[in-house]
Amino acid sequence: MSPKSIDILLVEDNADHAELIVKALRDNNVLNEVHAVISGEEAMDFLCQRGAYVDAAQPGLILLDIKLPGMDGIEFLKLIKADPKFKPIPIVVLTTSGSEQEIAESYRCGANSYIVKPVDFKHFAKVIKELKLYWMVVNSLPK
Amino acid sequence: MEKAFRKIGVDIIGDAPWGTHLCQFYETREDLVDILVPYFKAGLENNEFCMWITSEPLKVEDAKAALKNVVKNLDHFIKKGQIEILDYSEWYTKSGKFDAENVLRSWVEKENRALKRGYDGLRLSGNTFWLAKRDWRNFTAYEEEVNNVIGKYRMIAICTYSLGQCGASKVMDVISNHQFALMRREGKWVIIESSARKRAEEALRESKEKYQALLETINDAVYAVDLSNVITYISPAIKKITKYEPEELIGKNFFVFVHEADREKLRNRLRELFEGVVRPFEYRMVDKDGLTIWVRSFSVIVRSESGTVVSINGVLSDITERKRAELERERLLADLEAKNRELEAFVYTISHDLKAPLVSLNGFSAVLQKEYESQLGEEGKHCLERIQANAALMDTLIASLLELSRIGKVVGTVKEIDVVALLKEIRGALAVRPEEAGAEFVVQEPLPTVHADRDRIRQVFINLIDNAVKFRSAERALHIEVGCRQEGDFYRFHVADNGIGLASQYHEQIFAPFRKLHPEIEGAGIGLALVKKIVEHHGGRVWVESPSAEFTPSQAEGIGTGNEGAGATFYFTLPKERRDKPSRRTSDPNGWS
C-alpha cells in the first residue's frame, strides 16, 4: 500500500449492514484498512486513542450510520466537528430513510456527504470522488 | 316603565300621573273650594309649581282666603313664587280676547320655567265661567289640543265648568276633551269617564297583558340597563335562565351576575357598543345556585329625543347546552387529531424500522446471486428470485406506508399548476408509457390551472394513469382520456379508460389501502389510497364510475354491456379557490381571536 492510503472508520451498529458495506468495498478492490465500531462512544474512544484503542490509527474518512444506540449519530457528528483536532476528517453519513429532514440536519451539523443504504459501490465511488479522496482510496489490482 | 304618580289631593281620584287632564262640573262656590283647595294643598306640599286661574263665583281673594284656611303659610308660598293665583283676564284673555295658541304656549313656558327652578312640575286649574257663547268653539278646540299634548309635559290640569252654564251638548263636548270628569251626584263626588277613554284604557290594558304574557312565555329575557350598569328592567323569563326572580335583579348592578373571568370582555364589548358596533355577544353568568351558565345577549343603545343615551336594552338567551356541545365537540376533535398524529407517527417509525432488515435482506440475496448463482441449480435460483421479488415488494409497501403517513404532515407549497404542462411532464415518469402499451392517450384541452401541491397532484395523475394502463383489456386497444369540467366551486377532473373496469360493489373498497381486486396484477395496492388521501387533503373528493360514462360509442368500441369490461372513469375534484385543510380553531365564542 502506498504511504498515502487512509484508514477508514466505520461507525455502524447493525452487523449485517457493516458486513455488506465492507464486502461492497472489498469486491471493488478498495483495500484500505476498515475499522468497524458499533457505537458513537466506541468511535470516540477510537479517535481519542484511549481504552482498547490506544494504538489506533487516525482515520482519514469516517462512515457514520445516523441511527446509533446510546450516543446518537447526529450528536457524535456535532462533537467531532466541534473539536479542532477531528474537524478536518471527512464524514459520510449513512442513512436508511433518505429523508430530507435527516439529510438537511446532517449537513447542518457538519457532515460532508451522505449515502443512502444499501451502499452500492457506484454511490460510494461518487462520494469519494466528490470528497477528493479518490487517490487515498487504494485500488491495487485491476478488476 | 310606569310613570311616577302624583298625589292629587282629591280622595276620590287618589294618585294620578303627570299628563292628567280632568274637568270638574260645579254648581256652587263651595263645590270649587271642595275640590281645588285640597288639590292645590297637595301640589304645594309636593314641590309642584301651582297656577290657579279664577273667575266668578270664586275670585282671586276668595280663592286665597279659602286656601289659607288649610295652608297656613300660604303667603310664604306666594312670596316664594310657588303659587300664582290669577284672574282669568290676566291669563286667558290677556290680550283682550282668547288666543288659544298663546295660552298653550304660555302653559308650556310656565312648565319649563317651573322645572328649571327645581319644581317637579306644573299643577293648574282654570275656571271657565268667563267663556262667552262666541268663545265656546275656540275654547273647546283649545281643550282638545291640551288633551292631546298634555301627556308630554309634567302637568296636571283641572278645568272647572259651571253646570248651570252647560247644556247637555256642552257637557258632552267637555267630557270628550278631558280624561275624566268630576261631578256631584246625590251630594257625593263621582268620576265619570268618557266611553271612548274607557275603551282606550281597556285596549291598553289588554295589550299590556298580552305583552306581559308574551314576555313570560318566551325563553329569552328582555332587559334594560342604565348607564351605571344597574338593571332597571328584566322580564320574567330571566328566572328560567338564572333561577333569579326579576325582583332579585332589578336595582342591582348587572356585572355582579357576570362570571368574573368574562367581566373584562363584557366591559370591552360595551365600549364597542357605544362606538356603534352592534352584534351578539356570548359570555358566562353565574346563576342563583352558583352554577356557571352561558348566555348570548344582543343589546342596543336607547337614546332620548335630544340624543343622550338613556338606557341599554336587549335580549338574553341561554346557550349553555349549545356551548357545552360545542366545547365537547372541540375536545373530541382535538382528541381525534391527537390520535391521528399518534397513528401517523407510529406508521412512520415502523416503516423506518422495517427498512433496516430489508437492506440486509436485499444485500445478502444480492451477494448470494452474484457469488453462488452457478452453484444454485434451477430450484435454488427460483427460490432466490422469489426472495428478491418479495423483498422488493416489501420495499414498495414500506415506501407506500411512509407516503401515506406523510400526507397530512408534509404540507407542500400550494402553487398554481398548469395541468396540461404537468401531464406532458409525467408521461416520462409513468411506469409504463401509454404508447408502449399501444394506447391512445388523449388530453382534453383546455385544462385549468389549479391551486395545489404540485408533487402530490402529479402523484395523483401518475397513479390514475398507471392504473389505467395496468388494468387494460386484452381484447381491445387502450384509450385513456384526461379531461376537466367545472362544477360550482370545484374543478372535476377525470381519467377515463376502456379497460377491464370493476364491478360496482367494489367502487368504494378500492380506495382502501392494500385493497387489490386483481392479485395477479402487480402493485402494492396503495396507489388509490394515496390518491384519495391527497385529494381529500386538498378539500376535494374522489370516486369511480364503471362502466365508464366518458367515452362516446365510437371510442368505446368493443366495450361490453356488463359491469366488468366496460372501462372505468376515475373522477376527482379540486376546489377552485385555495383551501387549506380545516384545522381546529381555538375555542373562542366571542370572536376574540
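How many bridges join strand S4 (residues 49-54) of chain B to S5(B), and do these strands run parallel or antiparallel? The model is a predicted one; within it, five bridges connect S4(B) to S5(B), and the two strands run parallel.

## Overall composition of chain B

Chain B has 593 residues, of which 28% count as buried. Its secondary structure amounts to 15 helices and 21 strands. Among contacts in chain B with a separation of 6 or more, 66% are between residues 24 or more positions apart.

## The seven-stranded sheet

Seven strands of chain B form an open sheet in the order S5-S4-S6-S7-S3-S8-S9, and the pairing is mixed. Strand S5 (83-87) and strand S9 (188-193) of chain B each have a single partner strand, so they stand at the edges and one side of each is left without a neighbour in the sheet. From one strand to the next, the twist averages 20 degrees.

## Strand S21 and its partners

Strand S21 (residues 568-575) of chain B is mostly covered, with seven of its eight residues buried. Strand S19 (residues 490-497) of chain B is joined to S21(B) by eight bridges, and the two run antiparallel. One of the residue pairs here is Arg492(B) with its bridge partner Thr573(B) in S21(B).

Strand S20 (residues 542-545) of chain B also runs antiparallel to S21(B), to which four bridges join it. In this pairing, Val544(B) stands opposite Phe570(B) of S21(B).

## Packing of helices H4 and H5

Helix H4 (residues 100-116) and helix H5 (residues 136-149) of chain B pack at an angle of about 30 degrees, and their axes are 10 Å apart. The crossing of H4(B) and H5(B) is right-handed. On the H4(B) side, the contact is made by Ala100(B), Val103(B) and Leu104(B), while H5(B) supplies Asn138(B), Ala141(B), Tyr142(B), Glu145(B) and Val146(B). By class, the residues of this contact of H4(B) with H5(B) are six nonpolar, one polar and one charged.

## Packing of helices H13 and H14

Helix H13 (residues 419-426) and helix H14 (residues 454-470) of chain B pack at an angle of about 60 degrees, with 10 Å between their axes. H13(B) is therefore oblique to H14(B). The crossing of H13(B) and H14(B) is right-handed.

From H13(B), the residues that make the contact are Leu422(B), Leu423(B) and Ile426(B); from H14(B), they are Ile457(B), Arg458(B), Phe461(B) and Ile462(B). The contact of H13(B) with H14(B) comprises six nonpolar residues, no polar residues and one charged residue.

## Contact between chains A and B

Across the two chains, nine residues of chain A are in contact with eight residues of chain B. The side of chain A that touches chain B consists of two nonpolar, four polar and three charged residues.

Definitions and conventions:
Residues are numbered from 1 along each chain as its sequence is written. Chains are lettered from A and ligands numbered from 1 in the order in which they are written. This is a predicted model: local features need pLDDT of at least 70, side-chain atom pairs count only at pLDDT 80 or more; totals for chains, interfaces and linings use all residues. Two residues are in contact if their C-beta atoms, placed from the backbone, lie within 7 Å. Ala, Val, Leu, Ile, Met, Phe, Trp, Tyr, Cys and Pro count as nonpolar, Asp, Glu, Lys and Arg as charged, and the others, Gly among them, as polar. Two strands pair if DSSP finds at least two bridges between them. Axes are lines fitted to C-alpha atoms, for helices over the stretch in contact, and angles run from 0 to 180 degrees between N-to-C directions. Angles under 35 degrees count as roughly parallel, over 145 as roughly antiparallel, 65 to 115 as roughly perpendicular and the rest as oblique. A crossing is left-handed if the near helix is turned anticlockwise from the far one by less than a right angle, and right-handed if clockwise. A residue is buried if 20 or more other C-beta atoms lie within 10 Å of its own, exposed if 12 or fewer, and partly exposed in between; C-beta atoms are placed from the backbone.
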